[in-house]
Amino acid sequence: MKRINKLFPAIFLDRDGTINHDKNYLRDEKDLILYKNIEKPLQKFREMGFKIVIVTNQSGIARNYFTLTKLKQINSKLMSMLKKLNVKIDGIYYCPHGPKDICNCRKPKIGMALQAAEELSIDLQKSYMIGDSVRDYLFGYNFGGKGLLVLTGHGRKQFAKVKDEKQKPLAVVRNLLQSVKVIKKDYEKN
Ligand SMILES: [Zn+2]
């Protein structure tokens, strides 16, 4: 008999400008500053049964602004900061490539979502992506789920570009806490 593994819905989150303040190629863990009360929406998502996965484009590597070792240090510091706030993150994935590299992982391409789905048993169609750029919410639709634009970080500037896109976000929210209500309502509808 074939064993069927349970699949989980997930909230995919961008890193810079969504969880922590955007520092324009954040290159040192000392510059990591979390948005205030970030633990609240994240804990609520967990209570709703979502896994939480961070997916981040880090072209600063391709541009030689910082090394892969440094990126890993920054990510692990971020994970420990969130852990101290009692937030469990299931995974963190990064794309180290630049816009001109040919890769499958730079958002809005879905390589990171496919990898997370495989490793963490995620049902992508029931999942959501939240980020402060157009490419973030498009990533959510590209992997078969939905995407929201958050107005922190580059969100306000990016919002002006939404009109040029055929695919609109599920919602535009002021912050992550506001996204909880929107996602709860949408998730329960399906
Ligand atoms: Zn890549």
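Which residues coordinate the zinc ion? The views below start there.

This is a predicted model, in which local features need pLDDT of at least 70 and side-chain atom pairs count only at pLDDT 80 or more, while totals for chains, interfaces and linings use all residues. Residues are numbered from 1 along each chain as its sequence is written, and side-chain values use heavy atoms, with hydrogens and water left out.

**View 1. The zinc site.** C95 (SG), H97 (ND1), C103 (SG) and C105 (SG) coordinate the zinc ion at 2.0 to 2.3 Å. Donors are N, O and S atoms within 2.8 Å of the metal (3.2 Å for Na, K and Ca); water is not among the atoms, so sites may look incomplete. The donor residues follow the spacing C-x1-H-x5-C-x1-C. The arrangement is tetrahedral because the 4 donor atoms subtend angles of 101 to 116°; four donors count as tetrahedral if all angles lie between 85 and 135 degrees. The ideal angle for four tetrahedral donors is 109.5 degrees.

View 2. H97 has 26% relative accessibility and so counts as partly exposed. C105, at 17%, counts as buried. Buried means under 20% relative accessible area, exposed over 50%, and partly exposed in between (1.4 Å probe, protein chains only).

View 3. K109 sits in the loop between β3 (91–95) and α3 (111–120); helices (H or I, at least four residues) and strands (E, at least two) are DSSP runs, numbered from the N terminus. With a relative accessible area of 42%, K109 is partly exposed. Leaving aside residues up to four places away in sequence, K109 touches C103, N104 and F139 (contact: heavy atoms within 4.5 Å). A polar atom of the K109 side chain lies 3.1 Å from the backbone oxygen of C103.

View 4. The open sheet has 6 strands in the order β3-β2-β1-β4-β5-β6, paired in parallel; two strands pair if DSSP finds at least two bridges between them. The edge strands, β3 and β6 (171–173), each pair on one side only. Strand β2 (residues 51–57) is joined to β3 by 5 bridges, and N57 has C95 as its bridge partner in β3. Helix α2 (residues 68–84) packs on the sheet, touching β2 and β3, and its direction makes about 150° with that of β3. Axes are lines fitted to C-alpha atoms, for helices over the stretch in contact, and angles run from 0 to 180 degrees between N-to-C directions.

Conventions. Polar contact = N/O pair within 3.5 Å; in protein donor to acceptor, adjacent residues only side chain to side chain. Tetrahedral: all angles 85-135°; square planar, octahedral: opposite > 155°, others 65-115°.
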